Amino acid sequence: MTVNDDYAMTIDGKAVLSEKVIKVINPANGKIFAEAPDCSAEQLDEAVTAAQSAFRNWRDTPIKERQAMVRKAGDLLIEHAAELSRLFTREQGRPVDAAAMEIQGAGTWMHAVAEMTPPVHVSADTETEFVETRYVPLGVICAIAPWNFPVNLAMWKVAPALVAGNTMVLKPSPFTPLCTLKIGQLLNGIFPPGVFNVISGGDDLGPMMTSHPGFAKISFTGSTATGKRVMQSASKGLKRLTLELGGNDAAIVMPDVDLDEVAAKIFFGAFFNTSQICVATKRLYVHEIIYEDLRDRLAAIAEATRVGDGTEQGTALGPIQNQRQYERVLDLMKDARDTELTMIQGSAVPKNGGYFIPITIVDNPPEDSRVVQEEAFGPILPMLKFSDIDDVIERANNSDYGLAGAIWSKDTDKAMEIARRIETGTVWINQNLMLRPDTAFGGHKQSGFGVENGMDGLLEYMAPQAVYLAR
């Protein structure tokens, strides 16, 4: 057993190691700094069996007790945020303060979900009959979380699934397994054995999970390409699905905005977390009257924004999280250079083997260029001119994706009109990256299937059951 006990899996309430391991790399220097278990097929079976066994009692546990345990789990995340944030930064790359904010935010998210109770709808209540529709848990949930927000997006799945009365086997990304493994151990004292299991592994583990007959539902966050494979795998067993997938999100900036007020908000809506956000602005459409002024302001912010190791004081943005994604973004930048697009870059980045890319604005590229058509998921932002509102709405909607979008304008009535024409699951007006635990989040087109958050998200982990009583 070569894995450090600090990073053991949690299966049936026990800390479990593995014969094989996966290497964990610090993206700020490209070096291996830890190992995590590589879950075997037999250990996956053990986790599913444990969750199936625990489900029988957990579904019958009063919902107030389940809610109380989820609330306590949120308390523990908040309590340990500072300690976990340092580990988070080493494996994910984001600066420590922002890492702590994610972990604290995940805790408060769990608090909010713990206040939700599924409804009971009464269709008839007469002398001769009583009819109600209630919602019942599904069984064992397969949860697969991504590397860009490894804690928060995992808890988006954990909290509603457990409140609803399901049990779970959670798999973090192989690029960021450590914080999630630690959280599994941390929460082990709260939930009964088998209710919440955490396993880790390489690229083979995900397909093993999605094809496993013991799961009732798969909740996956990741790329659209992988989501399609998950959907295909799930179809063999008619598993229920929630897929939160990619986006190529457009923002439209109208000519009446106060540039001094909105420039920084627009900048960080595109570049926060080194642009590794599914709902980040990835296409920025700016009215031609203000285009050059906004471009110059964004370039100045890019020059003043420090990109580097997230453990160092003053760092605002960290590296690309993994080498695979780093190479994808480098390929997009190479294509932009090869096609002679104009690129404006910000401050210098470290040259130390880490996966660093300068903040890059592409100045008014053609609509059909790769940098516009593809989701970069890295700090390269195409900025495009428009003059006609109908034309820019058509351009914004001309995408296979439909996750989120943003409108910037002082005329909020006009902005609302535009928002209603945008083909995305979320539209922001004069803000971005704002999500709430009580509000549904889902994608249109190839950006997803199903819903997370809000009562809609809770009910994704349940099935309606109609009960008819003859009196």
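This is a predicted model: local features need pLDDT of at least 70, side-chain atom pairs count only at pLDDT 80 or more; totals for chains, interfaces and linings use all residues.
**Ground rules**

I call a residue buried under 20% relative accessible area, exposed over 50%, and partly exposed in between, with a 1.4 Å probe and protein chains only as cover. Numbering starts from 1 along each chain as its sequence is written, and side-chain values use heavy atoms, without hydrogens or water.

**Entry: His212**

I started with His212. By the cut-off above, His212 is buried, at 13% relative accessibility. I found His212 in the loop between helix H7 (205-210) and E10. I take helices (H or I, at least four residues) and strands (E, at least two) as DSSP runs, numbered from the N terminus. Next I checked its partners. I then listed contacts, meaning heavy atoms within 4.5 Å. Leaving out residues up to four places away in sequence, His212 touches Leu44, Asp45, Val48 and Lys239.

**Entry: whole chain**

I counted 15 helices and 22 strands. The radius of gyration is 23 Å, close to the 23 Å from the globule rule for 471 residues, so the chain is as compact as a globular protein of that length. That radius is taken over C-alpha atoms, and the rule is 2.2 Å times the number of residues to the power 0.38. Along the principal axes, the C-alpha atoms fill a box of roughly 70 × 65 × 40 Å. Buried residues make up 58% of the 471. Of the contacts with a separation of 6 or more, 73% join residues 24 or more positions apart. I got an accessible surface of about 19,400 Å², with 49% of it on carbon and sulfur atoms. Those areas come from the Shrake-Rupley method with a 1.4 Å probe; for residues, only the protein chains shown count as cover.

**Entry: salt bridges**

My criterion was a side-chain nitrogen of Lys or Arg within 4 Å of a carboxyl oxygen of Asp or Glu. That gave 23 salt bridges.

- Glu460 and Lys217 meet at 3.7 Å, N to O. The pair links distant parts of the chain, 243 residues apart: Glu460 is in the loop between helix H15 (454-459) and strand E22 (462-470), Lys217 in strand E10 (residues 217-221). Lys217 is buried at 1%.
- Arg395 and Glu367 have their closest N and O atoms 2.9 Å apart. Arg395 sits in helix H13 (residues 389-397) and Glu367 in the loop between strand E15 (360-363) and helix H12 (370-373), so the bridge ties together parts 28 residues apart in sequence. Arg395 is buried at 17%; Glu367 is partly exposed at 22%.
- Asp296 and Arg295 pair at 3.2 Å, N to O. Asp296 is partly exposed at 43%, and Arg295 is buried at 16%.
- Asp249, Lys282 and Glu375 form a salt-bridge network.

**Entry: helix H5**

How far apart are the end C-alpha atoms of H5? I get 17 Å, which agrees with the 16 Å that its twelve residues (152-163) should span at 1.5 Å a residue. The expected span is 1.5 Å times one less than the number of residues. Twelve of its twelve residues are buried, Trp156 and Lys157 among them. Just after H5, Gly165 takes a positive phi of about 105 degrees.
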